[in-house]
Amino acid sequence: MTTRMSGVRIDGTAHEQAGNRTIRTVTSPIDGAAVGEVVRGTSEDAAAALDSAERAFPSWSATSAEERAVALRGIARELRAEAESGAADGWAWLLSTETGKRLGEAQGELNFSALYFETFARLVLEQEAEQFSAVPGISHRVAPVAMGVVAALTPWNFPVSIPARKIAAALAAGCTVVFRSSEIGALSSLRLIEIVERFVPSGVVNTVLGAPADVVDPWLERADCVSFTGSTRVGRILNEQIAGRFLPAVMELGGNGSLVVLDDADVARTVDTLMIAKFRNNGQSCIAANNVLVPKRLESDFRDALREAVEGLVVGDPREAGTGLGPLAPAGDGPRVSALVEAAVAAGGERLLDEREVPAGGHYAAPQFVFGAPAGSDLVAHEVFGPAAGVVAYDDVEDAIALQRSSGYGLASYVCGGDEERAGAVAARFRAGIVGINTGTPNYPGGPFGGVGLSGLGYEGGRLGLEAHQHFRMTAMAV
Ligand code: NAD
């Protein structure tokens, strides 16, 4: 399966290689096989994309909420139809092949993407101007106004659903878009764009894949809003670039989530929750549990149950039924995760499992937990972004809460406990924008998704995600 797609799509036209445009070969992390090619754009393309989005803005922002909802629902229908197929010529297969995520998760991602479009269609229909008459002789009206051109910039780990989350919200708000995805997962991101383009007028969404200096820098100088998802490191660079323009920004950055086990937790249920929170998307999720905090009283039972679960995790081709863990998308991430584990062991931790063989030829990493990893080790204190985590035993739950709060990040964290009220009280003290109580799947498109501290600024998803692309105008009229 190889296919060439253009990463330069401006004003409804896909541009082929010409002039300074280069080609990037996409390879699979499963076995290194070539999957396809992507045409990469230039700084001229980036400027043309922004021109196009600016031209399209007046008419798109003037459409009614109903018109925008119809477009979004059309896109969602296509995504749902695509999600049904796990066949080798389908989109989910491609997504699995180019990122290493399990086929079922790839199908789930397409459905979740559809849910973003459906959700923002609903939210924009529900949005109403606020009217009040508080001052005699004056009527006030507060109404949303689309910001303009949104620069939507995405990472590789969910190359369909993160672009969907951004594009659905921007389109619903009445904004036009310039879009750049990571070049890992790009074929799947571009398939989304092909569908989106069928439902909106030319120029409403323009795409340029290419070097950040060519594409992102010029967009940040002219766009009206930026929506970035990626690492804290890059988020910080962008934040500095836009500071002088006071550019409205949504920054969804890294995380370092904890899973805190309470002493009344059901061990089997806790392990089930952790297996999802840790190994979803091969551990490459910003809302992953990166460290596990266990009461000493439960440590031994927990360790036995976790060992059994992790031993049962089949590492292999993510497109095969029965695989529990696929390869990591970026080359070099397997050794990076192994080094984090080794450092935590060298600092006094103990591996849950003996080192195990992983398939050769791909970017595989063995799943691992390190019990007794020091709280200050990189495995515990920083984002792992892979299938490993440190486990820290505690005597006093106050210490667990303090550790959860200490990393500087504040995206997602988890608590498992028998008494829901008590678990809720612990969760309420987390430094986190998203909390799962006895569940490993806390995210939902209808709710806000965002973090605090080093995890970023603002929200995507839900009403707040729509409003992130709008400003609000108060009009006072003498009556
Ligand atoms: P990354 O920050 O390396 O890259 C993100 C995007 O920015 C990519 O498209 C990349 O090409 C681009 N980029 C790189 N350098 C740039 C620069 N100087 N200027 C402009 N753009 C630049 O992140 P990644 O490795 O693609 O993704 C993993 C990271 O993303 C993790 O830290 C993860 O936690 C985070 N993430 C956060 C969320 C969230 O919603 N909070 C969701 C998914 C991933």
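Q: Is the crossing of α2 and α4 left-handed or right-handed?
A: This is a predicted model, in which local features need pLDDT of at least 70 and side-chain atom pairs count only at pLDDT 80 or more, whereas totals for chains, interfaces and linings use all residues. Residues are numbered from 1 along each chain as its sequence is written. With the near helix turned anticlockwise from the far one by less than a right angle, the crossing of α2 and α4 is left-handed.

Q: How are α2 and α4 oriented to each other?
A: The axes (lines fitted to C-alpha atoms over the stretch in contact, with angles from 0 to 180 degrees between N-to-C directions) of helix α2, residues 65-83, and helix α4, residues 103-126, come within 8 Å and cross at roughly 165°. Helices here are DSSP runs of H or I with at least four residues, and strands are runs of E with at least two. Because angles over 145 degrees count this way, α2 and α4 are roughly antiparallel.

Q: How many residues of the contact of α2 with α4 are nonpolar?
A: Residues in contact have C-beta atoms, placed from the backbone, within 7 Å, and among them are L72, I75 and L79 in α2 and L110, F117 and V124 in α4. Beside 3 polar and 5 charged residues, the nonpolar ones number 14.

Q: Which element gives the largest share of the shell around the ligand?
A: The ligand is surrounded by 23 residues (C-beta atom, placed from the backbone, within 6 Å), with P155, G230, S231, E252 and C286 the closest. Two or more residues come from each of α7 (212-222) and α8 (232-242). The largest share, 3 residues, comes from α8.

Methods:
Parallel < 35°, antiparallel > 145°, perpendicular 65-115°, else oblique. Contact = placed C-beta atoms within 7 Å. Nonpolar A, V, L, I, M, F, W, Y, C, P; charged D, E, K, R; others polar.
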